Amino acid sequence: MDFSYIDRNVELVREAIRDSACESGRDPDSVTLLAAIKSADVDEINYLHSLGITEVGENRVQQLLERYEKIKCEGLNIHFIGSLQTNKVKYIIDKVCLIHSLDSFKLAREIDRQAKKHSLVMNVLLEINSAREESKGGVLPEDAERLCLEVAGLENVRLCGFMTMAPKGSSREEYIKYFTLTRELGKGIWTDTLGREGEPIYSMGMSDSFRIAVECGSTMVRVGGGLFKK
């Protein structure tokens, strides 16, 4: 099977990440490329892994379950990046390494409960609705600090950083606004409220916005269509 389009796309995306990082005075190695695999098939995912892409993100619980056994999972880290209902947590808790879409204490408690059953600590990102879109998940910026403090009290949930989904098709100025808001809010919560050292994960930027997100401090970009277009 000819996967030359994936080779081409991966190189283009990696080059764009390097260029954006260098132009903003950052180390390109500080940015992780996460492949959003919603539109990919199993063969494409496995080929992508052979190119050294070790981080992939699933959007849907059912899709993750249907192809979990078919993906060559050894050395592959599966993230859950879509909206997550509490009644679906039990199906993925032992299959993913990081949940990007924590947006309520109810969900956090269920993640904690299910993780405890498997004797593990689940890594999570707090999803911030930086654009205040009614159709999107995520906690509003003014409620983020309180939720982080609540999550910090759970034994089997580990807060690792922050995620945002800027409205697709935003202008450059709008993207900068939403990404900067998330990073500055996250930085304040991480250091001042939680007293944590080091830098948290900032999962920001998708196929149409990852270059700008890198400029704004993103440490993880979620690229889907940009990797699999023919």
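Buried means under 20% relative accessible area, exposed over 50%, and partly exposed in between. The model used in these exercises is predicted.

**Exercise 1. Helix H6**

Find which residues of H6 are buried, and work out where they lie around the helix axis.

*Solution.* 
Step 1. Check the length. H6 has 12 residues, 141–152, so at 1.5 Å a residue the helix should span 16 Å. Its end C-alpha atoms are 17 Å apart, which agrees.
Step 2. List the buried residues. In H6 they are Pro141, Ala144, Leu147, Cys148 and Val151.
Step 3. Look down the axis. The buried residues of H6 fall within an arc of 110°, so they line one face of the helix.
Step 4. Recall the general rule. An α-helix has 3.6 residues a turn, so residues three or four places apart point the same way.
Step 5. Find the cover. The elements over the buried residues of H6 include strands S4 (98–102), S5 (122–127) and S6 (157–163). Helices H5 (105–117) and H7 (172–193) are also among them.

**Exercise 2. Helix H7**

*Solution.* 
Step 1. Look past the helix. Gly195 follows H7, and its phi is positive, near 65°.

**Exercise 3. Helices H1 and H2**

Decide how H1 is oriented relative to H2.

*Solution.* 
Step 1. Read the geometry. H1 (residues 4–23) and H2 (residues 42–50) pack at an angle of about 50°, with axes 11 Å apart.
Step 2. Classify the angle. That value makes H1 oblique to H2.
Step 3. The crossing of H1 and H2 is right-handed.
Step 4. Name the contact. H1 contributes Tyr5, Ile6, Asp7 and Val10, while H2 contributes Glu44, Tyr47 and Leu48.

**Exercise 4. Arg109**

Is Arg109 buried, exposed or partly exposed?

*Solution.* 
Step 1. Locate the residue. Arg109 is in helix H5.
Step 2. Apply the cut-offs. Arg109 has 47% relative accessibility, so Arg109 counts as partly exposed.
Step 3. The C-alpha atoms of Arg109 and Arg146 are separated by 15 Å. Along the chain, these two are 37 residues apart.

Methods. Residues numbered from 1 in each chain as written. Predicted model: local features only at pLDDT ≥ 70, side-chain atom pairs only at ≥ 80, totals over all residues. Heavy atoms only, no water. Helix = DSSP H or I, 4+ residues; strand = E, 2+ residues; numbered from the N terminus. Expected span 1.5 Å × (residues − 1). Buried < 20%, exposed > 50% of the residue type's maximum accessible area, 1.4 Å probe, protein only. Arc of directions from axis to C-beta. Contact = heavy atoms within 4.5 Å. Axes fitted to C-alpha atoms, helices over the stretch in contact; angles between N-to-C directions. Parallel < 35°, antiparallel > 145°, perpendicular 65-115°, else oblique. Left-handed = near helix turned anticlockwise from the far one by under 90°.
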